[in-house]
Amino acid sequence: MARLDPLRRMPDVGLFGSFGASTSERLAFQRQLALLDEPLVRGRIMHVPVVFTCTPEAAHDVLVTKGKSFEKSPGIRVLLYRLAGQGLFTSEGALWRRQRKLMSPLFQPAPMHTYAETMRLVAERAADGMRDGGAIDVAHETTRIAMSVVGKALFDADTFDEADALGSALTTCLAWVNAHIASPALVAHLLLLDGTEALAAKAPGRLGALFARAHERATDPFLVPGVRDPKMRAAAALLDERIQGMIDDRRRSGLARKDLLTRLLTAEDPETGGRMSDKQVRDEAITIFVAGHETTATALAWAFYLLARHPEAAARAQAEADAFGDGPITEWQPERLAFLTRVFRETMRLYPPIMMFARRTLEEVTICGTTLPARTLTLVSAHAQHHRPEVFPEPDSFDPDRWLPEREALRPKSSYLPFSAGPRFCIGVHFAMMEGPIVLATLLRRWRFDIDPKRTITEDDFATLRPRGGVPAVVRARADA
């Protein structure tokens, strides 16, 4: 790693090095990155050398221009193995390319627009259950809504009444991931993974095959504490049972439905004509189910919090929602939800649900003039990019009009990364960017959400940037609705 020596070394934050052990430490560190002029700096996570990108140019190089020279961090793949298996979020290489090719057509804007009515109906159902003067946790409500939207729109399943149980199971799994994202046990497991891979490549004949099998086995995080904990296993089993039940139902009904799950089961590789196994379909389905609700629910909760603290923006949002009149929002009309779309985008700038993307070099690669050796762990901070003052003046201020087209056009590439960028750009971006404004508009037309504007809600120490303690609110009937 001598070639990294010229890079500025960032200060350590306790045992975990530059990364820190808590969300507050990680965010404080990323705020430092946002103020640096150099494209790359180096640090460590425990004993592992790490390179951090600072500028949009460096982030763009890693994620886009040189994206093929990087893979996702093996640590992420290992930690998510019990939850997501080898789904699109965690797979690599030929498997990922095949799955992305099969699934991309299903997530283009035109197919996504057909789900607008479902998004509105689910939000209406949530609004119907609210009562004037009732105390709610907005984050809990947005989780139920987002989970139900995914369940209905993508799997044609009603998960609204099951949302609490499914949400609890997902929280258990993701909390375990978060607890070990920089743990000594994970580092030990990754050393085992790297060692068996190296031995498999060097050892002859049967011995090499033995190490190859050991390497494949090491994808399962059996060295990480808690993976066999009864609560963890029960949570994973609940999710497995729900997804497998839907797969079995599709097969019993002759694969006649038009939902995404059926399309996954019937999708054929254009080159081989082969279909996914039930295991692969399960991995993709649960990946979509988790990714399709967790980040959107979090962003929606923060959006209501920000609107409560900015009355002028709240009034504009309310007026845009009311402009639909008495009729329901039955189709996606982005021009009629332009301000709420900007609110949603600005929310994800301030609180990117996934605040950092971890990559590892597959080969020697040069980023902004610095050569990174193969197997260099490289972290791209969305949070740092979103708070660079020369890109986003007054970066801590909530300003939805930052996203007016003429202002957005002036920004460098990869300065806004709520959905990553490059080959691993989130496949569900069109779905999320339609769901956020529709849900906001539907709820705002019916209710006012009184959130104490003096109450500061901080980011939770979690896998995604959830609001700590939720977003407490009192629901008030709209007198003018």
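How many aromatic pairs does a search of the whole structure find? The count comes to seven, where rings of Phe, Tyr and Trp (its six-membered ring) pair if their centres lie within 6.5 Å, with planes under 30 degrees apart called stacked, over 60 edge-to-face and the rest tilted. One of them is W302 with Y305, an edge-to-face pair at 5.7 Å centre to centre and 65 degrees between the planes. These two sit three residues apart in helix α14 (residues 278–309), so about one helical turn separates them. W302 and Y305 are both buried, buried meaning under 20% relative accessible area, exposed over 50% and partly exposed in between (1.4 Å probe, protein chains only). Together with Y351, W302 and Y305 make up one aromatic cluster.

A word on where this comes from: the model is predicted, so local features need pLDDT of at least 70 and side-chain atom pairs count only at pLDDT 80 or more, while totals for chains, interfaces and linings use all residues. Residues are numbered from 1 along each chain as its sequence is written, and side-chain values use heavy atoms, with hydrogens and water left out.

Back to the rings. W403 and Y416 form a tilted pair, 4.3 Å centre to centre with 50 degrees between the planes. W403 lies in the loop between α17 (382–386) and α18 (405–408), and Y416 in the loop between α18 and α19 (429–446), so this pair ties together parts that are 13 residues apart in sequence. W403 is buried at a relative accessible area of 5%, and Y416 counts as buried at 16%. W403 also has R411 over its face, 4.6 Å from the ring centre; a charge sits over a ring if NZ of Lys or CZ of Arg is within 6 Å of the ring centre and within 35 degrees of the ring normal. Likewise, the charged end of R349 sits over the ring of F392, 5.2 Å from its centre.

Then there is strand β8 (residues 377–381), mostly covered, with five of its five residues buried; helices (H or I, at least four residues) and strands (E, at least two) are DSSP runs, numbered from the N terminus. L377, L379 and S381 point one way from β8, and T378 and V380 the other. Strands pair if DSSP finds at least two bridges between them. Three bridges join β8 to the parallel strand β2 (residues 48–53), and five join β8 to the antiparallel strand β5 (residues 356–361). L377 is the bridge partner of V50 and also of R360.
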